Amino acid sequence: MAGIGFELRKLLRKDSYFGLLRAYGYAGIISSGPWVLSILVIMALGFLSLGLLPDQSRHVTQFLVSVTYIVAASLIVSGMAQLVFTRYVADRLFEQKPEAILPNLVGLLTGMNLIAATLGLTVLVTLFGGTSLLYRVEMFAGFVLLTNIWCITVFITGMKAYRQVLWAFAFGYGVTFALGMALRDYDLEGLLGGFVVGQGVLFYTLVFLVVRYYPSDRMFALDLRRAEQTHRSLIFTGVFYNLGLWADKFLFWYNPATSEHVIGPLRASPIYDFPIFLAYLSIVPGMAVFLIRMETDFAERYDAFYSAVRGGDTLTHIEQRLDRMVDTVRQGVYDIFKIQGITIVSLLLVGPALIEWLGFSPYYVPLFNIDIVAVGMQVLFMAILNVLFYLDKLKLALMLCLLFFGSNLLLTALSQYLGAIFYGYGFAGSLMLSSLVGLAVLDREFQQLTYQTFMLQRPG
């Protein structure tokens, strides 16, 4: 839809260092821009509010922690719908039925709103008794809005509309920042109110994009309830992937030895939270490589292989194209290691000065170091999952996400038991274990791909 792969190929073919830098810079911005933008805006809003209203530091901390919990909870809940709807849309586009997308998105969001509203109301009514009514209303609205936003964002990104998503996030978070600064004098409720209105603007901008690209004469459908039109394993894959990403944070938040009370039932871990959120900014180079390899070389080789299969090409040609596809994946893994490795080494060198420049304690440095390794491994894990999705190995992707979630829980609990020097190793170890198992799984699947393509198909 957005021709991202075409634009990247055009830049790479210029055969110059400037063209190469432009291609990687462009890929980095469109692949990482939305969430980097959201992290930077929320952090800037917190820091600026703290600088202008130093006596309101408690409200600023409550705001940052409240937004973090809204993001975590909405990502986990929306994980039920993100991948399954993206795959549903891809299948309908393959069948050339784009008119089915908009009514089913409305149907999906209706169902997700009911789930989010039920969960949100239950938690806010039973656990947030000591907070103001306005705060609870804003938390409820923010949770429901973000649940919708993640559903739409993943589906539009899956359709390669990276640039449109980036502009929508820039607009929505621009409003968030402007309103947050304007309302900062109204304490926690003012800051959170600016955030909620900004998310509302972002949500309706994304809905506008969907209506523009997928018009339909129907406004509601629920074809996702039909088993033959959905891949149910993707529901659990999305949930366990997001649970895996947040498992270590929840363990640190609710361990009394590593956390402190903030507001209502919400707790934060000052020693654990800041380094890992700062480390996530280092993921941009790896994401740029990931996008370029997926949207240029791998997509091209993948299409060539299956075109040869569908076109009845000779076995020799089919195996040659399979070899090229496998080489592309190996080269992509190597490039991610190389680029993200250079980034990690650079940050290991400048990390202490960076932490000091930001005004934080040098005790954060060891945890920051292991966190930048962990988020680098996360890029590799995402690349492996993406290839499995391409190959339609959905159950294997689910098994890997289950392994990631379970190992993050166990290894993080073990790291807490062993002491502060091991903090962060649970998250890094779980991603390393899941990625290594994923690489072994990919290797086995590629060895069997030709056999499976021809011999294990259902009779037509």
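These are my notebook entries on a few features I looked up in this structure.

**Ground rules**

I am working with a predicted model, where local features need pLDDT of at least 70, side-chain atom pairs count only at pLDDT 80 or more, and totals for chains, interfaces and linings use all residues. Residues are numbered from 1 along each chain as its sequence is written, and side-chain values use heavy atoms, with hydrogens and water left out.

**Entry 1: salt bridges**

I searched the whole structure for salt bridges and got 11. The term covers a side-chain nitrogen of Lys or Arg within 4 Å of a carboxyl oxygen of Asp or Glu. Side chains of opposite charge can pair when their charged atoms come close.

I began with Arg87 and Asp91, whose closest N and O atoms are 3.0 Å apart. Both sit in helix 3 (residues 57-94), 4 residues apart, which is about one turn of the helix. Helices here are DSSP runs (H or I, at least four residues), numbered from the N terminus. An α-helix has 3.6 residues a turn, so residues three or four places apart point the same way. I also noted that Arg87, Asp91 and Asp392 are linked in a network of salt bridges.

Is Asp91 buried or exposed? Asp91 counts as buried because its relative accessibility is 18%. My scale calls a residue buried under 20% relative accessible area, exposed over 50%, and partly exposed in between (1.4 Å probe, protein chains only).

Next I looked at Asp223 and Arg226, a salt bridge with its closest N and O atoms 3.8 Å apart. Asp223 is buried at 11% relative accessible area, while Arg226 is partly exposed at 34%.

Then came Glu445 and Lys393, with the closest N and O atoms of this salt bridge 3.4 Å apart. This pair links distant parts of the chain: Glu445 is in helix 14, Lys393 is in the loop between helix 12 (365-390) and helix 13, and the two are 52 residues apart. Both ends are buried, Glu445 at 3% relative accessibility and Lys393 at 18%.

I followed helix 10 (residues 284-310) from end to end: its 27 residues reach 37 Å from first C-alpha to last, close to the 39 Å expected at 1.5 Å a residue. That expected span is 1.5 Å times one less than the number of residues.

Where is the kink in helix 10 centred? I found it at Phe298, with a bend of about 40 degrees. The bend is the angle between axes fitted to the seven residues ending at a residue and the seven starting there. After helix 10 comes Gly312, with a positive phi near 75 degrees.

Helix 9 (residues 270-279) has 7 of its 10 residues buried, so it is largely enclosed by the rest of the structure. Among the buried ones I noted Tyr272, Phe274, Pro275 and Ile276.

Ser407 lies in helix 13 and is buried, at 7% relative accessibility. Its side chain reaches the backbone oxygen of Phe404 at 3.2 Å.

Which helix gives the most to the nonpolar patch? Helix 13 (residues 394-418) does, with 3 residues. The patch covers about 700 Å² and is made by Leu414, Tyr417, Leu418, Ile421, Phe422 and Tyr425. Patch residues have over 30% relative accessible area and no salt bridge; like charges are joined within 9 Å, and nonpolar side chains (Val, Leu, Ile, Met, Phe, Trp, Tyr) within 5 Å. Areas come from the Shrake-Rupley method with a 1.4 Å probe, and for residues only the protein chains shown count as cover. Tyr425 belongs to helix 14 (residues 425-455) and is partly exposed at 46% relative accessibility.

Terms used:
A polar contact is a pair of N or O atoms within 3.5 Å; within protein, one must be able to donate a hydrogen and the other to accept it, and residues adjacent in sequence count only if both atoms are side-chain atoms.
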